[in-house]
Amino acid sequence: MKELLKKYEEKAPEIVFHWNDPETEAEGWTVINSLRGGAAGGGTRMRPGLDQNEVLSLAKTMEVKFTVSGPPIGGAKSGINFDPADPRKKGVLERWYKAVSPLLKSYYGTGGDLNVDEIHEVIPITEESGVWHPQEGVFNGHFTPTEADKINRIGQLRQGVIKVLENSSYSPDISRRYTVADMITGYGVAEAVRHYYETYGGNVEGKRAIVQGFGNVGAAAAYYLSQMGAKIVGIIDREGGVINEEGYTFENMKKFFLNKKGNTLRSENMIPFAEMNERIWKLEAEIFMPCAASRLITKDQISQLIDTGLEVISCGANVPFADSEIFFGPIMEYTDERVSLIPDFISNCGMARVFAYFMERKVQMTDEAIFNDTSMTIKNAIQNTFDNNSDKTNISKTAFEIALNQLL
């Protein structure tokens with residue numbers, strides 16, 4: 001696996017598009033790792049300090065993810081080095097998407113990512129640049145549909161991603177009009193835990209869980225996992241967190257979800273971050289869901305969790321371990337050898353799968369059909385990994401071998 005990984009990581013990307021904003025200090029990159037299947041896909045992120053190497057590593061990650069989620073295309077990513085809190089953000093995005101629009105019309109599909117919203121920013125701003133839909137390039141490059149078919153499928157994709165959830169099994173509050181895009185990634189992270197226990201033995205009900213990050217992904221993952229009967233014993237977020245060693249009830253978790261401010265946890269009993277960061281890694285829990293930023297989790301933190309009974313990790317964040325390597329660094333390897341580690345390209349593939357689902361054919365547009373499709377995609381990937389290695393360790397290593405053998 002390591003030889004395959006080295007070969008994959010060292011292979012130069014096919015296309016690097018570099019942009020300097022003429023009106024601000026913003027700098028951006030689109031990295032297309034390959035045009036496998038005639039197209040490439042990957043979201044747009046913005047943060048201060050972002051560089052080309054970060055975008056490259058995420059593009060390679062996307063290509064691995066597409067081996068699970070489909071369609072069988074290349075990986076790409078866009079990144080802008082700029083502060084998303086700056087009031088000039090909208091203008092930066094408008095000029096960025098105008099510059100990159102020829103790629104988006106030909107062979108590259110994008111979406112939301114860190115600090116860039118799919119529904120309120122990506123879709124309307126790309127439309128202003130003459131792009132039918134942020135995924136138009138994937139349609140043209142990979143599916144090569146007729147004009148009529150393209151219009152129908154883009155209409156389906158537009159409607160599906162922003163579809164308001166109507167089924168109370170999937171929405172924490174129907175009156176608040178949560179969409180598929182709001183909930184699907186966190187749903188997949190929780191479903192990965194359920195399918196892990198069903199496949200490798202055990203039951204999610206009654207298991208104790210720790211969640212890192214309470215943004216879109218972490219809050220939804222915690223909500224759905226609690227709905228399954230797991231006990232959330234700790235949540236750590238950027239400003240602090242909460243602990244209940246007996247486990248929060250599903251109603252507690254629903255309240256946390258509905259009361260969050262933007263992407264931030266709110267509670268009357270918030271523990272300050274420094275204290276939380278000392279205490280949470282010592283809690284007894286079988287499940288850990290890292291859903292914050294990339295490259296945060298240290299070896300010491302993982303070791304403490306393992307010592308108190310950790311069984312499985314379902315990654316909501318891309319590359320959650322504090323390794324410098326693109327994929328499989330020493331902390332990730334150490335973890336994979338000791339507990340069941342479901343890799344990010346399986347557990348957080350929900351949004352990529354939704355895009356694939358709506359692009360590939362005429363499909364059912366019900367909440368149940370959309371969410372069940374993501375669930376079954378994750379289940380099949382976990383089963384495939386189990387079929388190649390039935391041990392509860394080295395799951396990520398096995399999953400990477402399966403993916404890389406498709407790409408090299």
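The model is a predicted one, so to speak of local features takes a pLDDT of at least 70, side-chain atom pairs count only at pLDDT 80 or more, and totals for chains, interfaces and linings use all residues. Residues are numbered from 1 along each chain as its sequence is written, and side-chain values use heavy atoms, with hydrogens and water left out.

The residues around it are V242, I243, Y248, N252, K255, F256, N259, R266, S267, E268 and N269, and the space inside comes to about 260 Å³. Two elements, β9 (240–248) and α9, each give at least two residues to this lining. Helix α9 has the largest share, with four residues. Helices (H or I, at least four residues) and strands (E, at least two) are DSSP runs, numbered from the N terminus. Pockets and cavities were both found on a 1 Å grid over the protein atoms alone: a cavity is a set of points where a 1.4 Å probe fits but cannot get out, a pocket is an open set with protein on both sides within 12 Å along at least five of seven lines, and lining residues have an atom within 4 Å of a point. Grid points are joined across faces, edges and corners, and a volume is the space filled by probe spheres set on the points.

Helix α9 turns up again in a helix pair. Helix α8 (residues 216–227) packs against helix α9 (residues 250–259) at an angle of about 160 degrees, and the two axes are 9 Å apart. That makes the two helices, α8 and α9, roughly antiparallel. For such labels, angles under 35 degrees count as roughly parallel, over 145 as roughly antiparallel, 65 to 115 as roughly perpendicular and the rest as oblique. The axes are lines fitted to C-alpha atoms, for helices over the stretch in contact, and angles run from 0 to 180 degrees between N-to-C directions. The crossing of α8 with α9 is left-handed, a label given if the near helix is turned anticlockwise from the far one by less than a right angle, with right-handed used if clockwise. On the α8 side, A219, A220, A222, Y223, S226 and Q227 meet F250, M253, K254 and F257 of α9, where contact means heavy atoms within 4.5 Å. Those contact residues sort into seven nonpolar, two polar and one charged.

With helix α6 (residues 147–161), helix α5 (residues 136–143) packs at about 140 degrees, the axes being 11 Å apart. The pair α5 and α6 is therefore oblique, and its crossing is right-handed. E136, F139, N140 and F143 of α5 touch K150, R153, I154 and L157 of α6, a set of four nonpolar, one polar and three charged residues. As for helix α3 (residues 89–106), its axis and that of α5 come within 5 Å and cross at roughly 40 degrees. Helices α3 and α5 are therefore oblique to each other too. In this contact L103, L104, K105 and S106 of α3 meet E136, G137, N140 and G141 of α5, and the residues split into two nonpolar, four polar and two charged.

The largest cavity has a volume of about 70 Å³, and its lining is made of C315, V319, P320, F321, I326, F327, M332, P343, D344 and F400. Nine of these lining residues are nonpolar, none is polar and one is charged. The second largest cavity has a volume of about 40 Å³ and is lined by Y196, Y200, I342, P343, I346, I382, T385 and I395. Two or more of its lining residues come from each of α7 (180–200) and α15 (367–388). Seven residues of the lining of the second largest cavity are nonpolar, one is polar and none is charged.

G70 and P71 are joined by a cis peptide bond, with omega at about -15 degrees, and P71 sits in the loop between α2 (52–69) and β5 (74–81). N115, a residue other than glycine, has a positive phi near 65 degrees; N115 lies in the loop between β6 (108–109) and α4 (118–128).

Technical notes. Nonpolar A, V, L, I, M, F, W, Y, C, P; charged D, E, K, R; others polar.
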